[in-house]
Amino acid sequence: MAKKISFNVVFASDEDNSFPASELNNHGPTVHGWRSSESSSLNTHDIILRFHQPAKIYRIQLLAHQYLIPEKVELWLHYSPKSMPSTPSSQYFDFLGFVALADNSNTNYKSRELQSVTVTPRRGTHLKLRLIGAQCNELNQTGQISLLAVNILGEDLDVGNGNGDDQQQLNSSSTSDAAPLDTATGELALASICDDLLFSMYVEESIVHYIRELEMRKTQAVNAERFEYARKLKLCMTALRTAGERLGRYSLAKRQAVQQEDFTTAKLRKEQMEMYRSTVLKQLQVQQLLETQGIESCNDQSCEIYAGGKPSLPPAPSLQDVAHALADAALSPKSQSQQDDKSSTDGSLGQTSNDSVITTTTAATPLVPTASFSTHVANAGGWRKSHDELPQSPRLPSRHSSPMSSRQGSLRRRNKSVPRNSYEDYEERAIPTLRHSNTNEFLRECQGNALLEADPNRGRSRLNDRERRQAALPILVFGNELVEQFYSRQFQDREDGLMRLRNFLKEQELMESTETNSNEHAASPNKVARSAALLLHRAVRDAVYSVFNQATETVRVMFLEYVPGRVSPSEVARCVDRLLPELLAKSGDPSARLHTLAQHTILSIAACPEVAEQHLVAPALSRSVGSGTHQRLAMSRLQMLEQLVNTQGISTDKHSGLTCRALSECGCSGIHHPAEPVRKVAERIILIVYKMNPRLVRKQLPPDDDITRRNLLYRQLFTEFDKLDLERKQELMEETNKYVVAVGHSSSDATTSHMDKASTSSDASRLMKSKSGHGPGLASSNGYNSCNGKQQYNEQLKRSMLSASNSRKGSASNSESTEDNTPKIHCPFCDWSCSGNDASQLDRHYWKTCPFLTKCPQCSQVLEVAALNYHLTTECDAKDSYVVCTRCTESVHKQLYELHQMEDYCRELKTGAARCPLCHDDVHLPQDGGWKLHLLSTGGCPGNTRKKNSKKPN
């Protein structure tokens, strides 16, 4: 089986003094690898590796740098028996092939590429790596290349004090022997998983030694048929690998602390590694599984820790736990002596019980678990390591620094705007409670606890340069102390800061104090509002509910008490633009108390007069709701929009966001949302708009027919529309009855007056001429029966004409039977009347002013408005040029028919209604006074020009 072939680097064409080629001799988490010289002008770099003894090579593994990447790596192999001396100049290398490396731009230079190349089995003693070219990128401006690790897998050859016959035997033997393969996976069979480069580069060395011992025990257990013991060993090795990767990260952090000469952190890291290693070994019962004292029968029996599959690892101790453990040990003489005994040891593999004091202390404190360290991504025939596993960030300013160079500082990042892109800066960053609580002094002077506790600002962090630049204006207005409370990591400080800011905004005499004491509050209301918005923008994003509650209360105080009458409209708009997106995001939070509080705050902002005048909130709420919008967010937006419509009403300003069109579009988009609660709120908004403008709402929806009503959503919506239409009809009937009663009382005297019988009969005959085609035989002519609702329309038209004629006959008979000294002329249509018996006055009234009549646009005949459509298609001289619209039943000229159907008013005629030819609106209940109400009321037909000219004399 293949195993790792040991080697030493014997030659390198050039190297960086800080990253020598000898780094390739070892594998581990803290290895830097080889790097070419920064000032080198060579395009090809050679590295020669000499094996400790001749070997047969099966596989070569190369781990490239994340951004110092060569274009390709050529592999050359040389074999020389020990009996023959060899020097680099006399060696002859056979070309095996080359490996092309990716430019790594798709990972933003945050991952490292591992290439595993399987070669034909060849014997050799030297391997030459020829690195050609350099991948140019923004992080590699000097053309350097690097190689982090090289691993060679194969089998050692036992060659004694050879002679010529031995050499001839080796050279003549076949070099095409097949590599040993694993029968289960088909991959190269390894003697140990520790030989793989993917394993050895990220697992701590002591854990690697334990795993090798356990692998040997597992082989022996299988041979002895101790299968329960073998199962435990397998599970233990899996858990140890995870723990070893974590210890590798700790070792990496310790090395970085040493480079920065932060020896306190290095000591904490060392103790952290020892505490975690001893806890893991004890919990996994590693010493018992190794059976150093002989075979133990308990290993062949099931135990609790290995009963449920992979055993669980203990939580990792944090640096804070380590610091507390060291402090407790320093304060206790007994613990101090045990600590001295522990520090005198060399961290050997047999250490188990000497750390009982520290282990017990650590277990008693809450520990912070860390994430897994190794994540593998397949790429280009190899494996890439996750960026979090990199030992050094590509964006660190001193990426060419030596691992032995001294650099002062701590683990705290100086520029927090730069993203954390390495393990040291992200996964193992300094804990804030340690970083800001004088940890180093606490470890060296354990007796200073009283002084630290006496400091009231001990837990409050100071502003760094970036935060100070960001909060420059709030610091100028409110002072540095209040702003530090907003940036503090203690939520109590943030709450106190919000309360202080709220009290500041509540001051009633702020302007007077600004004028009298300019040194204390030398800021205008606009600057105060802008500064408060900057701080509240940070506070409303807080994850702590109590802080968010205080922040929303301060926002309401700011807009309802401070802003009105003080802050300019432009500054109010700027504050709303800063705060509203964060509050809208909070309104979609799954927690009920969070999104309810956010909704209440947004509605409070909308109630501010300055905000309502500029329409700053409603347009953000009335945007269309997509089907992919989260249910909670969409529902909150629609609920707030409904509340705004109920409180502020529907507006006619197109920029308000509360127009009928904006609300109908928002509601129509909401009814298609997959969540039912969102659809219900959207339906309520549509119904509110429908009461104001039913025509616009129906235009946004599909046509109301049987196919559309098959959809349950539209069926329910149209049912609600029908209910609203019925209510509107009832209101119209009530208004009509009131109008008829009022007209009846006012015209009671006029109906009993004496009129000229001859003139009245002649007028009636002249007007009835236009209705001569209303017989039963003509009612269905010219295709009226084929239209939607046309038969009902004709019947209603007949009834209206008969009622008009009856009213004229009744008025004529009354005028005959009544004997009055002052005769009056009365219009049977509009109740117009005048004194005298001049028939020409009534003719002039019919011809020019009667709103119930109109002229035919073709033949200029005077006829009723209700009969105009029928006249144009059946009686008019130009009836051959007119057709009946199949959709709206209006009479349309043939040349304008296509344009007519494209108009908005060409729509289906409702059941029981008639269509006005002047304004194209529906006339409800035409047989029950609908025409009279439509034509004679104050807000009657907008297309009737006679309405304005009609006058009723006293």
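Author: One term first: a residue counts as buried when its relative accessible area is under 20%, as exposed when that area is over 50%, and as partly exposed in between. Keep in mind, too, that this is a predicted model.

Let's go to helix 21, which covers residues 569-587. Helix 21 has 19 residues, and from its first C-alpha to its last it reaches 25 Å, close to the expected 27 Å. Along the way helix 21 bends by about 30° at Leu579, with a proline, Pro581, following within four residues.

Which residues of helix 21 are buried? They start with Glu571, Val572 and Ala573, go on through Cys575, Val576, Leu579 and Leu580, and finish with Leu583, Leu584, Lys586 and Ser587. So Leu579, where the helix bends, is also on the buried list, since its relative accessible area is under 20%. What covers these buried residues includes helix 19 (525-539) and helix 20 (545-562), along with helix 22 (592-606), helix 23 (609-614), helix 24 (618-621) and helix 25 (631-648).

For a contrast, take Arg468, in helix 14 (residues 465-470). Arg468 is partly exposed, because its relative accessible area is 36%. Leaving out residues up to four places away in sequence, Arg468 touches Leu463, Ile475 and Asn480. Its C-alpha is 9.3 Å from that of Val483, a residue 15 places apart from it along the chain.

Two loop residues are worth a visit as well. Most residues other than glycine have a negative phi. Asn108, however, has a positive phi, near 60°, and sits in the loop between strand 6 (94-100) and strand 7 (112-132). Glu261 also has a phi near 60°; its loop runs between helix 4 (227-259) and helix 5 (263-283). Asn108 is partly exposed, at 31% relative accessible area, and Glu261 is partly exposed too, at 36%.

Last stop, the largest pocket, which holds about 1,600 Å³ of space. Its lining counts 47 residues, and the closest to the centre are Arg698, Arg907, Glu908, Lys910 and Asp922. Helix 27 (676-692), helix 28 (694-700), helix 29 (712-746), strand 18 (922-924) and helix 36 (930-936) each give two or more residues to this lining. Helix 29 gives the most, with nine. Sorted by class, the lining has 19 charged, 16 nonpolar and twelve polar residues.

Note on methods:
Residues numbered from 1 in each chain as written. Predicted model: local features only at pLDDT ≥ 70, side-chain atom pairs only at ≥ 80, totals over all residues. Heavy atoms only, no water. Expected span 1.5 Å × (residues − 1). Bend = angle between axes of the 7 residues up to and from the residue. Buried < 20%, exposed > 50% of the residue type's maximum accessible area, 1.4 Å probe, protein only. Contact = heavy atoms within 4.5 Å. 1 Å grid on protein atoms, 1.4 Å probe; cavity = no way out; pocket = protein on both sides within 12 Å on 5 of 7 lines; lining within 4 Å. Points joined across faces, edges and corners; volume = space filled by probe spheres on them. Nonpolar A, V, L, I, M, F, W, Y, C, P; charged D, E, K, R; others polar.
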